[in-house]
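Please look over the sequence and the three-dimensional structure shown here before reading on. The briefing that follows begins with the whole protein and then turns to selected parts.

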Amino acid sequence: MTSSALPLSPAPAAVLVANALTGLSTSEVLDRRARGLINTMPDDSGRSFARILQANLFTLFNAIVGGSFLLLLVLGAWQDALFGFFVIANTLIGVIQEFRAKVTLARLAVINAPRALVRRNGIESDCEVGAVVLDDLLVLRPGEQLSADAELVECRELEVDESLLTGEADPVSVGLGRELLSGSTIVTGSGLARVIRIGSDSYAARITAEARQFSLVRSELRASVARVIRWISIALLPVGALVVNGQMQAAGGWAEALASGAWRDAAVAAVASIIAMVPQGLVFMTSLALALGAVKLARKRVLVHELAAVEGLARVDMLCVDKTGTLTDGSLALDRLEPIAGAGPGWQSALAWFAADPAANATARAIGAGVPHDQTRVGAPDATVPFSSRHKWSAAHFPDSAMPGTWVLGGADVVLDGAVAESADVLARVASLADAGRRTLVLAHSSEPLSPATPSGVPVLPTELVAVALVVLRERVRGDAAEAIGYFARQGVEICVISGDDPRTVGAVAREVGLAPDLVAVDGRSLPSDPTALAAVLRHERVFGRVTPAQKKAMVLALQSLGYTVAMTGDGVNDTLALKHADLGIAMGSGSAAARAVAQIVLLDGAFVRLPGILAEGRQVIANVERLAKLFLSKTVYAILLAGVFGALLWPFPFLPRQLSIVDGISIGLPALVLALLPNSRIYRPGFLSRAARFCVPSGVVVAAAVAGAVAYAYAGSGAPAGQVQTVAVLTLTLSALWVLVILARPFTRATTAVVLAAYASLPVVLSIPFVTAFLELELPPLELILVALGASAAASLVLELLHRRLRRTQG
């Protein structure tokens, strides 16, 4: 897409300025500030701290667990409120990570923030971008970035880089009256431009307005856990009522319990049953695993905005990349030199002079790699014409040297226009190279001196030019690009190149990095606007050039409609809409502030080689969290069953909240801390919750049956007191749940073996410490009940083993 095709709104009528070339007066600046006509830009660093805190604090999980925590504090049972730690920790992890990313972005924005150079009262001075006012006169020099939309009122050989807005890599030559857009950068020349749109009215702000609307990363883990908690919240009322009634009846009935104060113990037991149903450890461990993944990525110069983005990395199966800045480093490299038949001596020395000229542009400097400069042989020219994109050539005349005459380097269509007839073959060769995605310059020679420029200052080509060599250039591909592309192919991730640059150039780069040897890039101007038709094209094509910002967004949506999970990389304002609508947006740290703000991940050093490591980290996190989910959700299943069984039988619930906290810590919590960090390169498969359910439901049923049987024997068979019954319940539950851990820890490694052995060893250690058993209110039961607990847990372990061996066989 060329800059002339940019969608612009009409500029407001110009306010009368005393002198268009001296700028506004001080009084005029103050007047515009008073009327709010200043260049205040929207905040591009993400959502505010208040919104971050609100999103992480006010959740259904926090409402259930936090409400239970407060109830126990009101009842004075603070010893049983240990689980409140999960509410605090889970909230802090989410808030700290996202706020840290916001602060990092804000610092990055300050480092990269451009200063505006303005002319006021005829004096040039720099100021903050936010201090620019409507009708200010911007002074344009090479390297300056426009801070607002402006209209050229004076220019001298001005070229503008609009790649952050359009994706077009080549600078654009502009003239008087041309509108320049905020975010554009001056490449060569100088000029003055009057500000015509500011702040949120500017093109860059308008194109990113939709992107600034915050939205969460699509997360299967988060959605699945939220769905489980919703199901539990629906079950809480009937199950909770059943448990409360059972506790009251076990305390002698409602009237007796209310009169004697036993209702307090009944309420504590009811809270224990409710908290056991909520997988608070899973929510915490999921947040912790994602946070640790984000920390590891930060050490690799990768900034994660939102924790769920780490998981999103693992689900990606379509990576959309730009060409410039991602596959290439934005510079040109010499591909080869092709001397033309009949070329005389000296042409290499001429090229060496053009490459070494202090005024040489980046294209000419790239030639130097193939022609070492020898100043003593070349000598000094007596006349030169510097390169400009307006006339597209440069020249030098050497009076006395090894290469006398005039040498011209430039575009073949310009340099050879009207030249000798033999140039037809050269032009055909240049066209062939252009079709292959190569950029070509022609070196021509004439024995005539340089002619004087026209009265308007336009240089004139010498006569009798003869082409002597072709300079073939290619875009410099990043050294790690091909390796990264190969890695993604092996991991089942497809690559789609979407660029605003020339399709021929885009195709050449795609072929060079190994996407396909014979691909032809699709011209974005030929793409259909109908979403269904666009999806049909994207079903087969993977490389596109001349794509507009709106088309990039439409292409992302079309790929999603085909069932892909799409990641989008980008650095410019023209990428923000696509970054916004992709399942995962990845921005370059050197790109626009808008792109960095809307993306979920920022590559601070812009290195494409970081992406394979990001994918691997995401896959490790999601695979380990799925294993943890099976551990925690098995507990949810048996907790619901135990609450229902004891409530229906009108028996006291055999656990205090603090006892369940210890059981969880031994059989789930502490092992989970290690399991969450183990290497795991399994490729992501959708259906996380259904796979977890196939494991958790039978596991939970078996464990609940073992505990219910042991407790029933203790109550009915031996008439043991409550403290001994609770000890039997703790023993049976811990040992049965530990076999679930044994199953999930496979295949055994040194780390997983150590985790399992430590978990089993911790149970007798805990039960042998007097002040711990006193705090837990556990009493040593008779040997008969100990054997019952051991026998019930051994039977449960055997059934679990047989059950899950069968499950593994059926899943193949």
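In this protein, residues 24 or more positions apart account for 73% of the contacts with a separation of 6 or more. The structure is a predicted model, and the protein in it has 29 helices and 21 strands.

**Burial and surface**
- Of the 812 residues of the protein, 53% count as buried.
- The accessible surface of the protein comes to about 33,600 Å², and carbon and sulfur atoms contribute 62% of that surface.

**Helix α7**
- At leucine 236 the helix α7 bends by about 45°, and a proline, proline 238, follows within four residues.
- After α7 comes glycine 252, whose phi is positive, near 110°.

**Helix α26 and threonine 727**
- Helix α26 is mostly covered, with 21 of its 23 residues buried.
- Threonine 727 lies in helix α26, and because its relative accessibility is 7%, under the 20% cut-off, threonine 727 counts as buried.
- With its side chain, threonine 727 reaches the backbone oxygen of glutamate 779 at 2.7 Å.
- When neighbours within four places in sequence are left aside, the residues in contact with threonine 727 are Leu778, Glu779 and Pro781.

**The eight-stranded sheet**
- Eight strands form an open sheet with mixed pairing, in the order β8-β21-β20-β19-β9-β16-β18-β17.
- The edge strands of this sheet are β8 (302-304) and β17 (522-523), each of which pairs on one side only.
- Strands of a sheet pair through backbone hydrogen bonds, and the pairing can be either parallel or antiparallel.
- Strand β16 (residues 494-498) and strand β18 (residues 543-545) run parallel, and two bridges join them.
- Valine 497 stands opposite valine 543 in β18.

- Most residues other than glycine have a negative phi, and most peptide bonds are trans.
- Leucine 650 has a positive phi of about 60° although it is not a glycine, and leucine 650 lies in the loop between α23 (610-648) and α24 (657-675).
- Is leucine 650 buried, exposed or partly exposed? Leucine 650 counts as partly exposed because its relative accessibility is 37%, a value that falls between the cut-offs of 20% and 50%.
- Glutamate 777, another residue other than glycine, has a positive phi near 60°, and glutamate 777 is found in the loop between α28 (770-776) and α29 (783-810).
- Because the relative accessible area of glutamate 777 is 42%, this residue is partly exposed.
- The peptide bond from arginine 746 to proline 747 is cis, with omega near -5°, and proline 747 lies in the loop between α26 (722-744) and α27 (750-767).

Notes: Residues are numbered from 1 along each chain as its sequence is written. This is a predicted model: local features need pLDDT of at least 70, side-chain atom pairs count only at pLDDT 80 or more; totals for chains, interfaces and linings use all residues. Side-chain values use heavy atoms; hydrogens and water are left out. Buried means under 20% relative accessible area, exposed over 50%, partly exposed in between (1.4 Å probe, protein chains only). The bend at a residue is the angle between axes fitted to the seven residues ending there and the seven starting there. Two strands pair if DSSP finds at least two bridges between them. Contact means heavy atoms within 4.5 Å. Accessible areas come from the Shrake-Rupley method with a 1.4 Å probe; for residues, only the protein chains shown count as cover. A polar contact is a pair of N or O atoms within 3.5 Å; within protein, one must be able to donate a hydrogen and the other to accept it, and residues adjacent in sequence count only if both atoms are side-chain atoms.
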